[in-house]
Amino acid sequence: MLIDKTLLDKYNVPVPRYTSYPPANYFTTDFDYNTAIKVLEESNNEKPDNISFYLHIPFCSQLCYYCGCNTHITRDKEVINDYISTLKKEILMYKNFLSPGRKISQIHWGGGTPDYLDAEHVKEIMELFDRNFSFISNAEIAMECHPAHLSYNYMDTLLSLGFNRISIGVQDFDTQILKTVNRELPAIPVNDIVKYLQEKGVSVNLDFVYGLPLQTEKQFARTIDRAIQTSPDRIALFSYAHVPSVKPHQKILEQYGIPEAAEKTAMFETAYKKFTDAGYVSIGLDHFARPDDELSVALDNKMLSRNFQGYCTTRTTGQVYAVGVSGISQLNNAFFQNTKDLKTYSEKIKHNIFPFEKVYFLNNEEKLIGHIIKEIMSNRYLSYRKTCEIFNLSKDDIFRITRADTKKLAEFEQEGLISINEDGFTVTRKGAFFLRNIASLFDPLMKQQEKHFSKAL
Ligand SMILES: C[S@@+](CC[C@H](N)C(=O)[O-])C[C@H]1O[C@@H](n2cnc3c(N)ncnc32)[C@H](O)[C@@H]1O
Ligand code: SF4
């Protein structure tokens, strides 16, 4: 077994996913709008200087029953046209607040299904960015795509607009499984899409989900073999999050039986082994990249970073300004989450009001904790010296603020999860499966609340 069974039992306790610190359940509706605007303006004086834009396109043509994303199923063109006009206005509202010297390093289109939009809409928005902002050279322009909507013409438009990273939701290659979860099938075989995009210099990621009905270790192994034959640059391997209390449509899947935890772990282990044997480098908990990919190189150089959109390098990491329903802006000093409601969203923008629904303002101690957690989750190490330099603190301050227990750190070392050196520690290969547990040692909130998060694996 790849993952130590005893440690798996010991550490399979509820821990946050740490896509942000503090986690999104701490964001509050109880905030002063004018303060939020002031904090937004102040983000111009914070680091990093670069701007990342996240565009949330909530629309999909059909609901996949496992879906946990913020989606709106519609075939109504009017609804989509109105949304695009609103989105354009919101982008221009940001323009008024962002210092002209700041450059875009990353634009990420997520959803929902951005490639469900007419190519003309994507073009209008990219041209709006071009007219109103400047870019760093070789900025990352990425889109999450559903292969049911990708035609060669559509891909050509994306290429002409400068998209250089395309992520494709495969989930599984097994048609029976896709039909069971009510997912539309690819318009062009995924293999051909990947080949076409890679020939034009685009980096391609494939998303897979394990733990869906009808999936078994043996069957999923075949999907992973096909994934490796397809030769993507990156892979995201998500554990199916079954939360019918939040996403009631997921209940439909219960009639088919949902794989148990042990079967899921076996699927993960098989996939992990196959990807790493094929030469892919394991990134974070559930991502893989070719050894020459920017992410693998960044991991080697301890330059990997992470935001709500996934892993990225410090070269392209900017403060994230999110537009569209449910989008979360991730600034150095605050988080702003937009309303999830389409009507409220368009009403607010119509009146020139940012549609923030939940906010969190970060103090210096929380920035320190967030930095430490990000280093562990991304670069799998912690340097006390580097951290002290960034925050102008002493090592004692780090332990006082994070309330990290040095005895527990020694226990992690005894268990072979970390290797301690005079300046900090690095996470071992064995420890890489327990990144969330190791990071949580530096999270003082975990000492208050241990029960509110999903299990670590
Ligand atoms: C916005 S979708 C990607 C674009 C497009 N909508 C699609 O499905 O191909 C983001 C990804 O989230 C993952 N996902 C969705 N629901 C999930 C769930 N309940 N648990 C784990 N992963 C999930 C899927 O792998 C999906 O590709
Ligand atoms: S998985 Fe993708 S296509 Fe399916 S409903 Fe969710 S966002 Fe839409």
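## A walk through a two-domain model

The protein chain is divided into domain 1 (1-23 + 364-457) and domain 2 (31-323), with bounds that come from an automatic or database domain assignment. This is a predicted model, in which local features need pLDDT of at least 70 and side-chain atom pairs count only at pLDDT 80 or more, while totals for chains, interfaces and linings use all residues. Residues are numbered from 1 along each chain as its sequence is written, and chains are lettered from A and ligands numbered from 1 in the order in which they are written.

The C-alpha centres of domain 1 and domain 2 lie 27 Å apart. Their contact takes 14 residues from domain 1 and 15 residues from domain 2; two residues are in contact if their C-beta atoms, placed from the backbone, lie within 7 Å. On the side of domain 1 that touches domain 2, helix H12 (residues 364-379) gives the most, with four residues. Helices (H or I, at least four residues) and strands (E, at least two) are DSSP runs, numbered from the N terminus. By class, this side of domain 1 has eight nonpolar, five polar and one charged residues. Here Ala, Val, Leu, Ile, Met, Phe, Trp, Tyr, Cys and Pro count as nonpolar, Asp, Glu, Lys and Arg as charged, and the others, Gly among them, as polar.

**Two helix pairs**

Now let us look at how some helices pack. Axes are lines fitted to C-alpha atoms, for helices over the stretch in contact, and angles run from 0 to 180 degrees between N-to-C directions.

| Helix pair | Angle | Axes |
|---|---|---|
| H8 (residues 217-230) and H9 (residues 261-277) | about 25 degrees | 9 Å apart |
| H3 (residues 77-97) and H4 | roughly 15 degrees | within 11 Å |

The angle makes H3 roughly parallel to H4, and H8 and H9 are therefore roughly parallel to each other. Angles under 35 degrees count as roughly parallel, over 145 as roughly antiparallel, 65 to 115 as roughly perpendicular and the rest as oblique. H8 passes H9 in a right-handed crossing, and the crossing of H3 and H4 is right-handed. A crossing is left-handed if the near helix is turned anticlockwise from the far one by less than a right angle, and right-handed if clockwise.

Which residues make these contacts? In H8, Glu217, Phe220, Ala221, Ile224, Asp225 and Ile228 meet Glu263, Ala266, Met267, Thr270, Ala271 and Lys274 of H9. That contact divides into seven nonpolar, one polar and four charged residues. From H3, Ile84, Leu87, Lys88, Ile91, Leu92 and Lys95 meet His121, Glu124, Ile125, Leu128 and Asn132 of H4. The contact of H3 with H4 has six nonpolar, two polar and three charged residues.

**Around the ligands**

Of the 18 residues around ligand 1, Gly68, His146, Gly169, Asp207 and Phe238 come nearest. A residue is near a molecule or strand if its C-beta atom, placed from the backbone, lies within 6 Å of it. Strand S4 (103-111), strand S6 (165-171) and strand S7 (203-210) each supply at least two residues of this shell, which divides into eight nonpolar, eight polar and two charged residues.

The residues around ligand 2 include Cys60, Cys64, Cys67, Cys69, His146 and Gly169. This shell has five nonpolar, six polar and no charged residues. Gly111 and Gly112 are also among the residues around ligand 2, and the peptide bond from Gly111 to Gly112 is cis, with omega near 20 degrees. Gly112 sits in the loop between S4 and helix H4 (119-132).

**Backbone details in one loop**

Another cis peptide bond joins Tyr21 and Pro22, with omega about -5 degrees. Pro22 lies in the loop between helix H1 (5-11) and helix H2 (33-42). Tyr18 is also placed in the loop between H1 and H2, and phi of Tyr18 is near 55 degrees, a positive value in a residue other than glycine.
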